[in-house]
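Hi there,

Here is the structure I promised to pass along.

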Amino acid sequence: MIILSKKIHYLFWIIFIITTGTIISFAFNGSELFSSFSTYFKYTSYGFILGFGFWLGHRAISTYTENKIDWTKNLKRANVISLNLYIFYGIFLSLPVTYFYSVHVFEVTGKDLVLDVLIKFLMIMFIDLMVISSYYSTYLTKYWKKAIENNEELKRENLIAKYEVLKNKVNPHFLFNSLNTLSSVIERKPELGNDYVKKLSNIYRYVLEQSDKELVPLDTEMKFVEDYVFLSKIRFGEALSFHSTVPNNTNIQVVPLGLQTLVENAIKHNIISDDMPLRIEIGIENGFIVLKNNIQKKNIIIPDRKPHGLENLKNRYGYLTDSLIEVIESDEIFLVRLPIIKTKNHELLDY
């Protein structure tokens with residue numbers, strides 16, 4: 001049935017092109033068009049070549065744009081690229097074909113040649129734009145509907161991802177370990193206990209206030225991460241190293257608990273000891289917030305299994321921006337690149 005429908009589709013366009021070419025030629029030449037086969041072919045072949053050329057070119061362009069451009073994420077950009085391709089192709093095809101026919105078939109010479117080519121070129125482009133507009137109305141409607149459906153799906157996934165963040169909060173094991181560490185700190189360093197409690201309080205206040213938001217300022221998230229690292233360093237000491245080169249007072253935004261999730265994953269999935277210290281670094285490079293750490297995986301972690309929190313983070317960023325999170329893992333380094341987002345309109349920032 002599919003093969004039959006394609007054959008009918010091709011047959012329809014062949015008949016349409018031949019009929020249209022004949023009607024247009026008849027409009028210019030009248031009944032003389034049918035005086036002989038050579039006369040008919042001379043005048044209609046011009047329309048046939050252009051018709052089949054436009055048909056094949058438009059099919060190639062539509063196939064290319066459908067496969068290479070994501071219409072569902074940036075409909076405006078895809079529309080501009082696609083429309084420009086159609087117009088440039090129309091110019092590229094019609095000008096040389098028109099010139100060839102005017103000179104070698106219709107034998108137009110002298111000053112009349114430029115005017116003849118120009119008039120025919122403008123007529124061809126007018127007809128082409130009419131065909132494109134009628135075809136485009138259906139084409140755009142299809143992808144507009146698809147974009148809306150995709151956006152709704154992204155919203156649903158984002159809600160699920162945010163729900164997972166709210167449900168899990170900061171890892172419960174972290175709270176358990178923090179309370180155990182607090183007990184030890186109070187015994188060994190009572191003066192540090194007050195700071196420890198304040199940092200722990202700040203962490204859970206941040207979780208309660210920010211975790212249901214789509215975006216938070218990078219400065220705010222970094223303070224949260226630093227509090228989280230402070231408590232972790234009390235437990236691991238100098239075996240845990242954290243270094244940030246992120247500038248202050250930027251207009252950059254991130255998803256709440258995003259950077260903290262990456263830091264938590266690094267701590268949770270790697271061995272941390274005096275003999276095997278863990279080094280975590282955060283900075284900004286080429287339009288991305290980059291977090292990297294050395295790899296020294298615990299034996300209980302399955303090597304090919306990605307952390308659940310990282311997949312959650314990908315879903316949340318997928319809803320907010322077209323730019324993807326990049327994850328690079330080697331034998332020695334685990335690196336995650338988060339797209340930078342501006343304060344307004346969720347636009348990417350060149351940094």
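K120 counts as buried, because its relative accessibility is 19% and the cut-off for buried is under 20%. Please keep in mind as you read that this is a predicted model. D116 also has a relative accessibility of 19%, so D116 is buried too. The side chains of D116 and K120 meet in a salt bridge, with 3.1 Å from N to O. Both residues belong to helix α4, which covers residues 111–168. They sit four residues apart there, about one turn of the helix.

I have notes on two others.

One of them joins K292 and E281, whose closest N and O atoms are 4.0 Å apart. This pair links distant parts of the chain, 11 residues apart. K292 is in strand β5 (residues 288–294), and E281 is in strand β4 (residues 278–285). How exposed are the two ends? K292 has 30% relative accessibility and counts as partly exposed. E281, at 35%, counts as partly exposed as well. Both values fall between the two limits, under 20% for buried and over 50% for exposed.

The other bridge is between the side chains of E326 and R337, at 2.8 Å from N to O. E326 lies in strand β6 (residues 326–329) and R337 in strand β7 (residues 333–339), so this contact ties together parts that are 11 residues apart in sequence. Are its two ends buried or exposed? E326 is partly exposed, with a relative accessible area of 33%. R337 is at 14% relative accessibility and therefore counts as buried.

Which residues form a nonpolar patch on the surface? They are F126, I127, M130 and V131. Together these four have about 360 Å² of accessible area. F126 is found in helix α4, the helix that also holds D116 and K120. With a relative accessibility of 54%, F126 counts as exposed, because the limit for that label is over 50%.

Happy browsing, and do write back with any questions.

Best wishes

Methods
Residues numbered from 1 in each chain as written. Predicted model: local features only at pLDDT ≥ 70, side-chain atom pairs only at ≥ 80, totals over all residues. Heavy atoms only, no water. Helix = DSSP H or I, 4+ residues; strand = E, 2+ residues; numbered from the N terminus. Buried < 20%, exposed > 50% of the residue type's maximum accessible area, 1.4 Å probe, protein only. Patch = residues over 30% accessible without salt bridge, like charges linked within 9 Å, V, L, I, M, F, W, Y side chains within 5 Å. Areas by Shrake-Rupley, 256 points an atom, 1.4 Å probe, with all protein chains shown as cover.
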